[in-house]
Amino acid sequence: MLPDLRQPLVRQLAESDAPRRYWHMGDEDGRAWLFESVEGDGREQWAVRQVLVGPDRAARRYWWRHLQDEYGFLADQPLEVWELTEITEPAFEAVWEASAG
């Protein structure tokens with residue numbers, strides 16, 4: 001498997017003091033995505049942490065230390081924020097912590 005070249009860039013964004021924003025999106029199949037984003041070049045929001053909750057309620061976490069697996073991956077494009085609902089940091093953190101395991 002080739003190294004993921006995104007890792008240093010995602011880590012740099014994640015460890016920056018850039019302001020964070022938090023987002024949620026769901027679909028008709030019962031899946032949900034939660035994102036923590038920071039602003040990158042051009043005022044775009046880039047995911048630095050993400051939780052995917054499947055229809056079975058299994059949650060998977062993605063961040064610079066775990067960019068992808070057989071179930072999904074950290075968003076590799078700027079977030080399309082007009083498709084997302086902004087949520088609070090505590091709401092995101094509760095799901096992030098609950099998905100550790």
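Mentor: What follows takes the labels one by one, and please keep in mind throughout that this is a predicted model.

Trainee: Why is Gly-72 called buried?

Mentor: Gly-72 has a relative accessible area of 14%, and buried means under 20%, so Gly-72 is called buried. As for its place in the chain, Gly-72 lies in the loop between strand 4 (59-63) and strand 5 (85-87), and its C-alpha is 13 Å from that of Leu-34, although the two are 38 residues apart in sequence.

Trainee: What makes strand 3 mostly covered?

Mentor: Strand 3 spans residues 45-53, and eight of its nine residues are buried.

Trainee: How do you know that strand 2 and strand 3 pair?

Mentor: Pairing requires at least two bridges, and strand 2 (residues 32-39) and strand 3 have eight, in the antiparallel sense, so they count as paired. One of the bridges to strand 3 joins Trp-33 to Leu-52. The two strands form a hairpin with five residues between them, and in the turn Gly-42 has a positive phi of about 75°.

Trainee: Why is strand 4 said to pair with strand 3?

Mentor: Strand 3 and strand 4 share five bridges in the antiparallel sense, and the requirement is at least two, therefore these strands pair. Val-51, for instance, has Arg-61 in strand 4 as its bridge partner. This hairpin likewise has five residues between the strands, and within the hairpin Arg-57 takes a positive phi near 75°.

How values were computed: Residues are numbered from 1 along each chain as its sequence is written. This is a predicted model: local features need pLDDT of at least 70, side-chain atom pairs count only at pLDDT 80 or more; totals for chains, interfaces and linings use all residues. Side-chain values use heavy atoms; hydrogens and water are left out. Helices (H or I, at least four residues) and strands (E, at least two) are DSSP runs, numbered from the N terminus. Buried means under 20% relative accessible area, exposed over 50%, partly exposed in between (1.4 Å probe, protein chains only).
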